Structure formats: C-alpha cells, structure tokens
Amino acid sequence: MSTRPTQFGRIHAPDDEWLAKQPPEHVLEPDLPIIDTHHHLWERAGHRYLLHEFLDDLRTGHNVVATVFLECEAMYRARGPEEMRPVGQTEFVAGIAAMSDSGRYGNTRVAAGIVGFADLTLGDRVEPILEAHIQAGGGRFRGVRHSAAWDTSDVIGNSRTAKGPHLMRQSDFRAGLGRLTALGLSLDAWAFHPQMADTIELARACPDANIIVGHVGGPLGYGPYAGKRDEVFKSWRAGIAELAKCENVSMKLGGMMMRLAAYDYRTEPRPATSTELADLWRPYIEPCIELFGANRCMFESNFPVDKMGIGWVALWNALKRIAAGASAAEKRALFSNTARRVYRLE
C-alpha cells in the first residue's frame, strides 16, 4: 500500500499486491451477458496489458460475451504521414481480435468493435484516414474518439488531443464529424463536466451523428473541484438532463475511478468492495438510466485504468448492484443489447 495520495488524472500500473487484498466476492448474476463497451490494450513503460493480461481479468468471473476497444494512443505507426499513423493502432487491435476470434482463447469476442483515432479537425480531409481505418479493422472498425477533455487547471490532466476548452465547437471538427457520420461511424465524445454545454451543442447541431458520451459525462472531483461535490453534482446533473434530450446521444456508465476521485485508492488499505463502490457511483449512474433510459445506456469497465482502484469481479458486481432494481429486459439492454445496437455488433 502506498502512503502517497493518488495523483488523480494520471495513469499508472495497477498494484497487483494491493488488488490481492480485495475481499473475495461471488459473481452476481453469473449468466447475465455482458458487452464491455470500453477497455484498452497497450504496452507502455512498466505496464503491459495485451490479450493475455485482459483474459486473466475476464476469466475471474462474469459472462463477458464481447468487448469494444477504445483509442489509447497504442501502437501508432512509427513512419508515414502523421495523420495516418493512428491507423497502426487499428491494425494492432484487429490482429488481437483475430486471435480472439480463433476460439483458442475462450468464448469472449475481444475487440469485436474497434474505436480508434482520426484527427477530425482535418475536416473533409479526414475521409481517407477513416477509410484506411475501416480497411485495417477487418469489419470491426466502428468509430473515432477525438477527446475534447480539457480544463484550465494543470492538476486535472488534459487529453492530448484537446488544445483548449471548446474543441467540439470548431467548424473544422464538425466538418470532420460530418465525414465520420457519412461513413456510418460513431463519435465517442470524452469531455469533462464543465464542458457539457459543448457536447449538448454538438449533438443538437449534428442530429444525424451517433454520439457516445464516455464515463458518465466526466464529473471531476479533484484539483480545483475537490471539496465541491454538491456543486459539481448540481452542475453535472443539470447538464445530463439537457443532454438526455438529444436522441442521438448514448451514455456509457462507469469509468469514474480516476476523475470522480470518490476515494483515494492509493492510500486505502484494500480496494473497495462492490457494495462500497456501488454506493459511491450510484448517485451518478442512476440519474443517467432514469434520464436516458436503459436503451441508451451501456456499462463499461475502463480497464486497465479503473483497475488502479478495483478488481474485475468487484467492479462488475458493483455495476450489477446499481442495476439491481431494473427489469430483466432493462438489464439486458444495459449490459449488452444497447452496446450491440449502438456499436453495430453482430
């Protein structure tokens, strides 16, 4: 266990020794089909999380039938035009997906959907890059995440692709989104809660776009937002209510370990139990389900990022606890059917 407070907004390798202190839990509703709509695969300094590491988590429990890979700057091409280099990530993930599809690694279809990166501020010039992704994806490429998450505070840790607070308002970004939409691809929109108005404005201005908002809309709880939970919640809740009126927007539920900063996992003696995490996240997830409806909400693991604070079994148990009051049909939507429709998975 570390005695150093968590540096929220920064990714580090999970502490396996600390995670092993997680109180054992039985898998809740073990037969419920799950599509994990948001995970990463990478090899970075001091941390490898590729197919085998992901499978090690999957095999600890829960019926994950398929997954969606999300852009994480992994395995970009080292050469060639700068704007084409992210296609290397799609090539890399498509190879892992092909390994999974062989059936030799279990029944989960890992990376059945691939969400990569293309610079939408290229406007109409982004089309050949998107077409290259589609070709590289072998039928799995589903869309782009061009992150807009940005805050004035250096403590927060901004997205590499966000050069200021209003990326989604730029005309060139919207022109690129138009090309993305014309090709039948989706936008994973990642921004912080103070930027919610930009997401709403984008959804209204581009009603044909399939927009998927990540991590419950990005509520922040550290840096200048520390100690302001009620103020942040009020602002976030008002934004979510407006965003839910946009029928072209779906919401991912989860992924709040690093940004909501609900508990300091680097100094806790053990990870949270699923009951404890459910209590921390329920106030944010339940309003999303109420406002968007189960048919426009889907759960995510955000692994290995959220693995910094909790193990696989407890995370999905927490999400199942939050959804415990839903009907059987609503649970199927939340855990798999919405993802299947929104990401166009077979």
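Two strands are taken to pair if DSSP finds at least two bridges between them, and strands (E, at least two residues) and helices (H or I, at least four residues) are DSSP runs numbered from the N terminus. The model is predicted, so that local features need pLDDT of at least 70 and side-chain atom pairs count only at pLDDT 80 or more, while totals for chains, interfaces and linings use all residues. Residues are numbered from 1 along each chain as its sequence is written, and side-chain values use heavy atoms, with hydrogens and water left out.

An open sheet of 8 strands, with parallel pairing, has the order 1-4-5-6-7-8-9-10. Its edge strands, each pairing on one side only, are strand 1 (33-39) and strand 10 (297-299). From one strand to the next the twist averages 30°, where axes are lines fitted to C-alpha atoms, for helices over the stretch in contact, and angles run from 0 to 180 degrees between N-to-C directions. Strand 8 (residues 211-213) and strand 9 (residues 249-253) run parallel and are joined by 3 bridges; Ile211 has Val249 in strand 9 as its bridge partner. Helix 9 (residues 312-322) packs on the sheet, touching (heavy atoms within 4.5 Å) strand 1, strand 4 (63-70) and strand 10, and its direction makes about 110° with that of strand 1.

A cavity is a set of points on a 1 Å grid over the protein atoms alone where a 1.4 Å probe fits but cannot get out, its lining residues having an atom within 4 Å of a point. There are 2 cavities of 30 Å³ or more. The second largest cavity holds about 50 Å³ of space, the volume being that filled by probe spheres set on the points, which are joined across faces, edges and corners. Among the residues lining the second largest cavity are Trp190, Phe192, Met196 and Val213.

Note on methods: On a 1 Å grid over the protein atoms alone, a cavity is a set of points where a 1.4 Å probe fits but cannot get out, and a pocket is an open set with protein on both sides within 12 Å along at least five of seven lines; lining residues have an atom within 4 Å of a point.
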